Amino acid sequence: QVDEWCLPCPQGTTCAGHLAEPVSEGGWFNLNDTSKQFCHEKRKHREYCNHVVACEPKAACTGNNECAVGYISVAPVHRCAECADRYYRRAGECVECPDNPWILIATFLAMAICLCVSGYILNRKAVNLAFLTIGMDYFQVLALFARSRVRWPAMIKDIFHIMSVFNLNLEITAPECSIPDLSYALKWFFIQALPLGAAGIFLMLHLALLFKKRVLMG
């Protein structure tokens, strides 16, 4: 601006020159920092300074601080890091909510129950379950590929996402679609409590079987 030194255009922006301010390119977001922490020594007098950061994912930012469909900027993070209404985060990206999100939750619970029942039956028949862990580990590793920075075909990415059920990935149930007011903190605490909940269920089943053997069956 007037009476200022010319500086190189920041990475991730385009500059028209003269008095025009830098404009963020696709995949980048200009935070316009007001703390002056990132100000150049020749820009300390400004109320805010250009602080350009990369968006995650890059497709969330279309340029000029505008967000792609399904993404919104919310303070203090900004940079199109939040999912818009009727969108939820899956493998690091915001995708549109399904028409009937409760079906996903019911399917997830049904699969979990079926796996538990199958494990119980196989254990009663003295089947060695060690060989099943090989297949489970394989599917868990495949699920991790969905978050890699590789442009997988849509069908392959959907398969990876389905495999995340073996990681007990709650994102597969699209909880934000069923509970719009679900906060990140509440979702995080619920995920962390899953092992405790599973241990509690198994403990109650064990006590019930113990009660049946010692009291009901003498």
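Ring pairs join Phe145, Trp152 and Phe160 into a cluster; rings of Phe, Tyr and Trp (its six-membered ring) pair if their centres lie within 6.5 Å, with planes under 30 degrees apart counted as stacked, over 60 as edge-to-face and the rest as tilted. Please note that this is a predicted model, in which local features need pLDDT of at least 70 and side-chain atom pairs count only at pLDDT 80 or more, while totals for chains, interfaces and linings use all residues. Residues are numbered from 1 along each chain as its sequence is written, and side-chain values use heavy atoms, with hydrogens and water left out.

The structure holds five aromatic pairs. One of them, Trp152 with Phe160, is edge-to-face, at 5.1 Å centre to centre and 85 degrees between the planes. Phe160 is buried, with a relative accessible area of 7%, whereas Trp152 is partly exposed at 29% (buried means under 20% relative accessible area, exposed over 50%, partly exposed in between, with a 1.4 Å probe and protein chains only).

I turn now to a charged contact. The charged end of Lys42 sits over the ring of Trp5, 4.6 Å from its centre; the criterion is NZ of Lys or CZ of Arg within 6 Å of the ring centre and within 35 degrees of the ring normal.

Which residues lie nearest the centre of the largest pocket? They are Ala112, Ile113, Cys116, Ala198 and Phe202, among 47 lining residues. A pocket here is an open set of points on a 1 Å grid over the protein atoms alone, where a 1.4 Å probe fits, with protein on both sides within 12 Å along at least five of seven lines; lining residues have an atom within 4 Å of a point.
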